[in-house]
Amino acid sequence: MLEALQFEFMRNALLAGLLASIMCGVIGTFVVVNRIVFVSGGIAHAAYGGIGLAFFFGFSYLMGILGFSLLVAAIMAAVSLKTRQRADTIIGVLWAVGMALGVILLDLTPGYNVDLMSYLFGSILTVPTSDLWLMLIIDGLVVLTVSYFYHDLVSLSYDEEFARVRGVPTKILYFLLMAMIALSVVMVIQVVGLILVIALLTIPPYISEKFSGSLLGMMFYSVLLNVFFTTVGLWLSYTFNLTSGASIIMVAATCFFISILLERLRPKRVSI
Amino acid sequence: MSSPVIEVHDLWFSFNGNPVLKDVNLTIHPRDFLAVIGPNGGGKTTLLKLMLGLLEPDRGTVRVFNHSPREAAGSIGYVPQEIGINKGFPISVRDVVLMGRMRGGGGWRRFSRPDKIAARQALERVEMWEYRKRRIGELSGGQRQRVFMARALVGEPKILFLDEPTASVDQKGQTDFYALLKELNENVTVVVVSHDLMVLSSYIKSVACVSQQVFFHDAPEITKDMLEMAYHCPVELIAHGVPHRVLPKHSGE
């Protein structure tokens, strides 16, 4: 591993992994406790439509995917606030339509050929330094926003009705949370791919939820776990010449199953 | 009496086109102890949520201390039904109680020293202080209910709404719980949704029967008319060996 660090691409990959870990650990905690994994998956997939739009109409790739996924996130937030029972169906539809739109627009754009595989699994080994800076900025924004609204977000996540009775602006916060999910998902997709985003958002918070005393602790342990997964995964992919994104996911998945096994073995101390 | 705590005027509410509440008029006075009873699906919880401002009426108005429920948020305490949601949520008992001091709107450092002192007092009041560091999901249903009670009290409410507060509490716990409510009632208006009027009957001062319409009775008893209109049969009320008289003397005739 140490000799691998002499390559710039490897250093960038590790840094990208670290920055993605922070974002996914913090946002993933809210995704898991609010049970909006499906929504996050929907945003991540539908964002592909933004790539199609950007290439077809010839504007910036980043603007396309950011604008489109924020729009999709806003629609999904509105739908899940309005009609809770039907929300998952509508999210599923947006999920599919977004992807299909992206594929068709890219078909219609002559000369461009965005590899769907790299969208799915990313290319953490080819992250340019400029993307690292952008990720750092988004990381900072997300961490600042979450710490400013920390108690509001906790009360929204724990008991939305009670929070509303206390005058917490839950609707605005819900849109804010969705916007942050969209922002992080889009940033991280560019680097590590869609599938890895879902894995980093869900697996570490799921594991750390069991032994954390607060959401803050859960975020902290999730970030640590993410850093561990990405680093070990990258090392395995370097050593055995495997696809990096998939290697990271397999490391995370192994820990996920071990944690479930440990929980089964542990005597229960929860009453009633 | 002094000005009312709650005034519900000409209120209508429907859900997905089905009427839930019709033409509701209700006035609750200070230091009342109101039991909201009625059949399941009759609209008890809906009425409570309308008074809390969690739902908006189709027609009519709800005024709390002559303000909208949202504006009156600071004087409202709410103990929701304990249905064991979010049990895995990583949060300590103390942090749950501190939520009752939320005032909405962000801020770097939210909870002040007075907030923490109030949280301690509220937890001591429900005898849960020693559990302050436990995760909320590790408690029993009854203990969690007391924590929710502390969360409602910590905001020093002038009116307390409770939705089926003793659904998951054992007999001894219920008695303690209502004794505490009675004590609080010396300063605080209490509105309890329950379908178990038996337990409540020696504490309450008035009854509202909810079954699409609301029948208010300003005494701790239910009349035969209310029963007939609210329930299809009164069996539910007189079935379990009555410890306190609830029906007025002549209702059996």
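I take a salt bridge to be a side-chain nitrogen of Lys or Arg within 4 Å of a carboxyl oxygen of Asp or Glu. With that rule I searched the whole structure and found 10 salt bridges over all chains.

This is a predicted model, in which local features need pLDDT of at least 70 and side-chain atom pairs count only at pLDDT 80 or more, while totals for chains, interfaces and linings use all residues. Residues are numbered from 1 along each chain as its sequence is written, chains are lettered from A and ligands numbered from 1 in the order in which they are written, and side-chain values use heavy atoms, with hydrogens and water left out.

I then looked up the interface of chain A and chain B. Contact (heavy atoms within 4.5 Å) takes in 34 residues of chain A and 39 residues of chain B. The buried area, meaning the accessible area (1.4 Å probe) that two parts lose on being put together, summed over both, is about 3200 Å², and carbon and sulfur atoms give 57% of this.

Two salt bridges cross this interface by the rule, and I noted that Lys49(B) pairs with Glu161(A) in a salt bridge whose closest N and O atoms are 2.8 Å apart. On the side of chain A that touches chain B, the elements giving two or more residues are helix 6 (129-148), helix 7 (150-158), helix 8 (160-165) and helix 11 (215-240), helices being DSSP runs (H or I, at least four residues) numbered from the N terminus. Helix 7 of chain A gives the most to that side, with six residues.
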